Structures are given as structure tokens and as C-alpha cells.
Amino acid sequence: QVQLVESGGGLVQTGGSLRLSCAASGRTFSSYTMGWFRQAPGKEREFVAAIVWSGIFTYYADSVKGRFTIFRDNAKNTVSLQMNSLKPEDTAVYYCAADRAGHQLGVRPTEYDYWGQGTQVTVSS
């Protein structure tokens with residue numbers, strides 16, 4: 001079992017930056033693919049970014065490519081999402097997720113086994 005706790009959300013102006021962090025419990029964190037998803041009010045949960053267990057491969061949604069960076073520290077059991085050049089359409093609750101199949105970069109929520117509670121990101125115009 002893995003428990004995930006997100007932090008770092010908040011209110012920021014358009015063009016600003018935020019860094020989200022996800023702290024994971026459990027000794028097997030380093031073997032999992034980790035992903036970030038987001039969900040805006042009235043919308044489905046959507047994929048943002050993912051990183052395989054080794055950190056070598058990453059994948060991003062087109063909407064955030066070039067602005068967001070996902071990275072992990074397996075020694076500290078953390079995965080982070082650096083968000084730059086934020087836009088109002090980035091406003092959502094952001095969720096950290098873990099996939100036990102650490103070699104694949106899933107983009108669907110159903111591919112992930114564990115979820116955090118989410119952290120709110122609000123970008124004002």
C-alpha cells in the first residue's frame with residue numbers, strides 16, 4: 001500500500017510559477033511510475049505528466065508541454081511538478097498518482113493504483 005500526500009498548491013497570477021510536491025510512503029515507491037492529473041470543476045480528470053520509476057522517461061500533455069516539468073527523488077520518496085507560465089486554464093485540483101507498473105507512462109486515470117487527496121491550484125487573470 002502506498003499513501004500519497006500533495007502540497008504546494010495555491011493562488012498565483014497569470015504567468016507565475018508554482019511547484020507541487022507529492023510525498024509517498026512505502027518502500028516500493030522507487031519502482032512505481034508516478035503521474036500528475038488535474039480536475040477542473042465540471043470536467044473530467046485529465047492527465048498532466050508522468051515519469052517512470054528511474055526518472056529517465058517522462059511524458060506530458062500537449063497543454064502543458066514546455067511549461068511544466070515532472071521530476072522525482074527516489075531517495076526522498078517524492079515526485080514534484082514545476083509549473084511555469086501558468087494560465088487561468090491551469091486552474092484545477094491537482095492529484096498525484098502511482099502506478100505499480102513502473103515501466104509505462106500511463107495517461108488514463110484507470111492505469112494508476114494509488115491517489116492522493118489533491119491540492120488546489122488557482123491562476124488568476
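The model is predicted, so local features need pLDDT of at least 70 and side-chain atom pairs count only at pLDDT 80 or more, while totals for chains, interfaces and linings use all residues. Residues are numbered from 1 along each chain as its sequence is written, and side-chain values use heavy atoms, without hydrogens and water.

**Exercise 1.** Determine the number of helices and strands in the protein chain.

Solution. Helices (H or I, at least four residues) and strands (E, at least two) are DSSP runs, numbered from the N terminus. On this basis the protein chain has 0 helices and 11 strands.

**Exercise 2.** Locate the disulfide and state its handedness.

Solution. Step 1: a disulfide is a pair of cysteine sulfur atoms within 2.5 Å; the whole structure contains 1. Step 2: cysteine 22 is joined to cysteine 96, with S to S 2.1 Å. Step 3: cysteine 22 belongs to strand E3 (residues 18-24) and cysteine 96 to strand E9 (residues 92-99), so the bond ties together parts 74 residues apart in sequence. Step 4: the torsion about the S-S bond is about -75°, so the disulfide is left-handed.

**Exercise 3.** Identify the contacts of methionine 83, leaving aside its neighbours within four places in sequence.

Solution. Step 1: contact means heavy atoms within 4.5 Å. Step 2: under this criterion, methionine 83 is in contact with Gly16, Ser17, Leu18, Leu20, Arg67, Phe68, Tyr94 and Val121. Step 3: across the protein chain, 60% of the contacts with a separation of 6 or more are between residues 24 or more positions apart.
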